[in-house]
Amino acid sequence: MNSLFMFRRVLLMSEKRYRTLSISSSSSSRDIYPIMKKLIDTKQYKKAIDIFDEKFDLCKDLEIDLALKACLNLNEYQRAINIQQKLSQNSLNNPYIQTSLIQLYIQHHDINNAYRLFLKITNKSIYIYTTMIKGLISNNMLDKVLDLFDEIKIQPNEIMLTMLFDVCARLNNDRAKQTGKKILNEMSEKFLNDSILLNSAIIMLMKFGDVKSAEDLFHKIKNKNIINYGAMMKGYTLNNMCDKVLDLYEQIELNLSHISYTIIFNACAQLLNDRAKHIGRKLLDEMPKNVKQNNYTQNSAIDMLMKFGDVQNAEKLFETIKKKDIVTYNAMMKGYTLNNMCDKALDLFEQTELNHSNISYTIIFNACAQLLNDRARQIGRKLLDEMPKKFKEDSYIQTSAIDMLMKFGDVQNAENLFETIKNKNIITYSAMMTGYNINNEPLKSLKLLEEMKKNDIKVDEIISIILIDTCAKIGIRSICESIVNQFPSYLYNNQYICNALISMWGKAGLVKTAQQIFESVDQPDVITYNAMINAYGKNRMGLEAVDLYRKMPNNLRNEISYICILNACSHSGLLDEAHSIFNEISHKTQQVITTMVDCLSRLFLFDEAKQLIEDYEKCNAPYSVMYMALLSGARNSRQSHLSQEIHKRMKLLFPNEKNLLISASVLLCNISSSLGHHEEAQAIRLDRIKEFGNKVKVGLSWTEVNGEVVQFTAHDQSHRLSKEIYAEAQRISAELIQYGHVHDASWITRPIREHETVESILCSHSERLAIAFNFIEGRKPSFIQITKNLRVCGDCHQATKLIAKIRQVEIVERTNREIDEDKNEKRIWCAVNYSSKLQIYNSVITTFQFFAPFIINFISAFILITKKSHQQLNIQRQRNFRDILKENYREHKHLFIAPTVLVILALPRLIISYMSKCMQSNNDSWLYLSGYFISLAPAMLTFIVFVLPSKFYKKEFRKTIVQYRANIQRRLRIAS
């Protein structure tokens, strides 16, 4: 809109100058000019040039300028150059001819010749400056525009100012901000009535983020039009202030333009609250017919409805559009993708008969990456292979294609595509690194980091988060520290980075570091809390996780919070806490219920887990992940019958979920193997290969020695020091046997081949090779860290603990179990672990039981002794009451000592009841259990404390024993 306005003004000014320009010309020349002018006005450019060529000798500067303009419109660059070469020096010095030549050079991107000619002009007019600025803008040389502006000595007009504001808005750097604001502050007040100029200034300020100045400028406009309102609303949208867009919309008393509708629909699509949905739908319903025919507005409305989740109405609107363009199809396909209806996106793609745009390819690649089924793989690969060459150089399309291939697991083709990209940027690198992380190849991500450094590509926020994820997958502390130390210091003030670091250190087992970062965050958001809760959970610190969850503001809790805390309870065996939290959740989503099923299955509570699934399926479709959690628990408990039952049901319910059924088959096969049913396991394996192929996730282990990160698979022979590694593994195995370790064949999940033994198979597991690698070449490490992408087998876990003891080394597994000669598995000792309501009841009852007997005993003893002293005073009147009382206290002091001793012994029980927590320890578990059992002492010591110190009680006790003995003997005589 601004460029059209400028062109109109430039044309009017040119014509005015031509009318006032006095050029001596013959009568023949005067006859040629009107003919050429008329032909150009009627767009008969070729005829105008033909006349010029025919009458060239008679033509003067006016006709030459018209001829150059005709060439400009016909895009005949060479013909214009031929004309230029015939011109005299006087004609070449004509400012209008110079301007036309500059325009010609610019049109053909010959910016050097344009600039060279521009510099030759001594008396530059505002028109020539404007032409040159426009040329620099069209060639995307925005910094040069500011350089040129700094040289201008004449007063800029409204056209130049408009262009300058647009340039500053596009650059949006410190220089542009300083220049733009300076121009605006020094601008003459006469320009305050120029609507287009002020709109450019408002948009510039909004892009600078200077909303206050933009608002002040807007309020200065006396007669506001819909374009002014549109500029403000667009600015608010740019600054994520969509509520202000709706506020301003409600103040407008003018008829809205199609641009206004588009801006408001976009604002509603961003907000997604009840007010936005109400306004958006109302505006759409009341939209005039003429606006409804505008494709841009309709496309924005479709996008808005899709983001509302209102797919049905978006489809209805789509059907009403008669002339659908590719942007309309893109809006629908993108909407389907947003609403997890990617199959519909592919259906619509296959119906589209229009040429696809770059956005179309990006959307379809994203849809295929989400679906990940056979159809998506076929369409995605075909589309990539048949994509026109011009799109193959588009960085956004390339990035989407790489992301799709990586999610397909097709790392090789993703790498091939990456290598074809000439100008790799940070987005391309981020797609590759993310893909490597997805495909369990984090070491390749680190290699890409080194390549980025060589290409002088700086690490930004997005790359930092990806690298943190890379480190989290590797899980080796030294690597984490090395990578994180390379981040620019300002990134540590970024909350997204802090959240990612909390998660990373939690996965690396450094919970204290994660805690320090958590405590450094001034205002933790939901992601910060969730990351810390998850870090506790992964390190089996369930009680700390529960404590933090209870401290977390209720309004921050979301679905992820519930999943993290239930997982934490699950890993720490805190069943009562899990039940309590689960029951408190008002809206139990699919994922929350799945996590609870997993928790119950881990604790082998299969009946309760199955009941939870049955209750869920009364109102919902079956969910495969719930059954996978159940099957995983059955595998851990080695329940073959239950596992087979679950597997059959999964095949019945989810026949199309290929990857899920492969994983389920692997678990079922492992159960059969662990029970020694190798023929059954082999049959399951062959069925899986026949149905799905031989694709199974490979178990990987990583370790780091002297800065080198090494990856191992089971039976890996790829390392250059394989002989030394296997020799060390055999030495370690011999030491394990010497110390009493028996290799557990139940963890072998395939038939033992010829020349193989149970020992040779288990000792070749990836984690055992990684441990052996740390000891070769005479190394004696004090600390070893192993990271795995899958769970550690039971035999390797037991062996690792014993290796740590034998070799006097601390070993940390990625499963966050610390193992060394003094540290066994972390255990949780639960003396008291009630739900929240029972905790209160337990504390009240225990307090009552603690104090009531003590007080009753004390008061009873005091009353009895006092009463007895009064009775003795009546008999022995010559004695003092105080002396008698003291004598009785000394005689019956055991009546006061006994309850006091019992109170002291019962204190641990009272303290534990108020703590109402489990205790974590790595060793000295007897200390915690002793504290609990001491609390039971009062009941056991009643006889010793009350009876034995008293002569009277002992006498009565003997009498009672004699009576019972006599009764028993009498009954035995009668019976005989």
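## Asp53, Arg79 and their salt bridges

Asp53 is partly exposed, with a relative accessibility of 37%. The model is a predicted one. In it, the side chain of Asp53 meets that of Arg79 in a salt bridge, 2.7 Å from N to O. This pair links distant parts of the chain. Asp53 sits in helix 3 (residues 45-54) and Arg79 in helix 5 (residues 77-86), 26 residues apart. Arg79 has 21% relative accessibility, so it counts as partly exposed; the cut-off for buried is under 20%.

Arg79 also forms a salt bridge with Glu76. Here the closest N and O atoms are 3.5 Å apart. Glu76 is partly exposed too, at 27% relative accessibility.

The structure holds 35 salt bridges. One of them joins Glu645 and Lys610, whose closest N and O atoms are 3.5 Å apart. Glu645 belongs to helix 42 (residues 640-653) and Lys610 to helix 40 (residues 606-617), so this bridge ties together parts 35 residues apart in sequence. Glu645 is partly exposed at 38% relative accessibility. Lys610 is partly exposed at 25%.

Which residues do shared partners join into one salt-bridge network? They are Lys46, Asp50, Asp53, Glu76 and Arg79.

## Aromatic pairs

The count of aromatic pairs comes to eleven. One of these, Tyr361 with Phe365, is tilted. Its ring centres are 6.3 Å apart, with 45 degrees between the planes. Both residues lie in helix 24 (residues 358-371); they are four residues apart, so about one helical turn separates them. Tyr361 is buried, at 6% relative accessible area. Phe365 is buried as well, at 0% relative accessibility.

Phe518 and Tyr529 make an edge-to-face pair. The centres are 5.5 Å apart and the planes stand at 75 degrees. The pair ties together parts eleven residues apart in sequence, because Phe518 lies in helix 34 (residues 511-520) and Tyr529 in helix 35 (residues 526-538). Phe518 is buried at 13% relative accessibility. Tyr529 is buried at 12% relative accessible area.

Ring pairs also build a cluster. Its members are Tyr361, Phe365 and Phe391.

## Nonpolar cores

In soluble globular proteins, nonpolar side chains tend to be buried together. The largest nonpolar core here has 240 residues. Which of its members touch the most others? Ile565 and Met650 do. Helix 11 (residues 158-171) gives the most to this core, with nine residues.

Leaving aside residues up to four places away in sequence, Met650 touches Ser624, Tyr627, Met628, Leu631, Pro655, Leu660, Leu661 and Ala664. Another core, of 25 residues, lies apart from the largest one. Its members include Val710, Leu769, Ile776 and Ile784.

Ile863 lies in helix 49 (residues 836-875). Is Ile863 buried or partly exposed? At 48% relative accessibility, Ile863 counts as partly exposed; a residue counts as exposed over 50%.

How values were computed: Residues numbered from 1 in each chain as written. Predicted model: local features only at pLDDT ≥ 70, side-chain atom pairs only at ≥ 80, totals over all residues. Heavy atoms only, no water. Core = buried A, V, L, I, M, F, W, Y, C linked by side-chain atoms within 4.5 Å. Buried < 20%, exposed > 50% of the residue type's maximum accessible area, 1.4 Å probe, protein only. Helix = DSSP H or I, 4+ residues; strand = E, 2+ residues; numbered from the N terminus. Contact = heavy atoms within 4.5 Å. Phe/Tyr/Trp six-rings, centres within 6.5 Å; stacked < 30°, edge-to-face > 60°. Salt bridge = Lys/Arg side-chain N within 4 Å of Asp/Glu carboxyl O.
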